[in-house]
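Below are some brief comments on the model you sent.

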Amino acid sequence: MLAVTFQEPGRVAVEERPDPEPVAPDDAVVRVDASGICGSDLHIFHGRVQIEPGFTIGHEFVGTVVAAGDDVTQVSVGDRVLGTFHSACGHCFFCRKGLFQKCDEARVFGHGKALGSLQGTQAELALVPHANLTLRRVPEGLSNDVALFAGDVMGTGYHAIVNAGLQPGDTCAVIGLGPVGLCAVMSAAVAGAARVIAIDTVPERLEVARSLGAQPVHATEEDPRAAVKEATEGRGVDVAVDAVGNAAVVDLGVRLLRKAGTLSMVGVHAERAEVHMGLIWFKNITVAGGHANVMGHLDAVLSLMGAGRLDPTPLVTHHMKLSEAQDAYDAYASHQALKIVLSA
Ligand SMILES: [Zn+2]
Ligand SMILES: [Zn+2]
């Protein structure tokens, strides 16, 4: 089978790899019909997250089950399925609490040895551990492009909003309008936000946010704090979402929040960062952050997608072949694309 592998910073390859087969009784093998390129793949591509050269990358996928071990009961060979970006055991302390993203045995597709040595899904076939939890049948009528979002990007955008406890009538600021930020914009609206203020510096992304009903604010050509003040009678927003993952965004989020507001951080923070703790304390800010519980939100997200209330279709800007992976990564790295969907 063909697989997209990491080679060195800035370079991927399309290589021949042996076809995977189920090893554990609850493993399945999926023929990948569509796999997305995600912002976290970009961290690998740029060498900020290190993995072994030759490792298959990718973690968003929709496909068809082609083999399943004897203990796989929730999906069958021939089923059209989507996967979550990581697997979970289903029985450890954290899984029993429903915190699947913190599973003691969690393995993330396409992230090398450090995150469980699970080969990625930008390939013709993928081995899926704990298939009863990791896979879900695609509901009737959902396209590959839409279903692809449930197991990672939309699950994360949705988590950013529900994990912050957003209430109907709230005002929400989303900082960073990549696919996760735009999914947070949609999720905030679905959760009942009266206003969503969407902040970025890329005009095309601000335009997508506007089309989703948000108020776009250019981060540098406009004044986000003034826009938020005007929208909230000077109070600040109830919820601010960091969909980027750096200290400047956290700082802006804290400043945009009202007293006793919630900062929801779903952007990946990989490094030590300085924050104004005095301001967080003085404003009674609640900080909610970390990996999203995509597995825990999967049924809700699929229902909302099935009903058309969460529709990430406008975020898919490119369809490309696995063999064009290098061009796809180059395009994504230069912000020419929102979501690129690869297929064999
Ligand atoms: Zn991802
Ligand atoms: Zn577990």
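1. Cys38 has a relative accessibility of 8%, so this residue counts as buried, the limit being under 20%. The model is a predicted one, and the values here are computed from it.

2. His59 falls on the buried side of that limit too, because its relative accessible area is 2%.

3. What coordinates the zinc ion (ligand 1)? The donors are Cys38 through SG, His59 through NE2 and Asp152 through OD, at 1.8 to 2.2 Å. Along the sequence these donor residues follow the spacing C-x20-H-x92-D. Cys38 sits in the loop between strand E3 (28-37) and helix H1 (39-45), and His59 in the loop between H1 and strand E4 (60-68), so the pair ties together parts that are 21 residues apart in sequence. Water is not among the atoms, so the site may look incomplete.

4. The largest nonpolar core contains 48 residues, and Val241 and Met305 have the most contacts inside it. Elements that each supply at least two residues of this core include helices H4 (144-150), H5 (153-162) and H11 (294-306), together with strands E10 (171-175) and E13 (237-242). Helix H6 gives the most, with seven residues.

5. Which residues does Val241 touch, leaving aside those up to four places away in sequence? Its contacts are Ala160, Ile161, Cys172, Ala173, Val174, Ile175, Ala184, Ser264 and Val266.

6. There is also a second, separate core, made of 21 residues. Among them are Ile175, Val237, Ala240 and Ile285.

Technical notes
Residues are numbered from 1 along each chain as its sequence is written. Chains are lettered from A and ligands numbered from 1 in the order in which they are written. This is a predicted model: local features need pLDDT of at least 70, side-chain atom pairs count only at pLDDT 80 or more; totals for chains, interfaces and linings use all residues. Side-chain values use heavy atoms; hydrogens and water are left out. A nonpolar core is a set of buried Ala, Val, Leu, Ile, Met, Phe, Trp, Tyr and Cys residues joined through side-chain atoms within 4.5 Å. Buried means under 20% relative accessible area, exposed over 50%, partly exposed in between (1.4 Å probe, protein chains only). Helices (H or I, at least four residues) and strands (E, at least two) are DSSP runs, numbered from the N terminus. Contact means heavy atoms within 4.5 Å. Donors are N, O and S atoms within 2.8 Å of the metal (3.2 Å for Na, K and Ca); water is not among the atoms, so sites may look incomplete.
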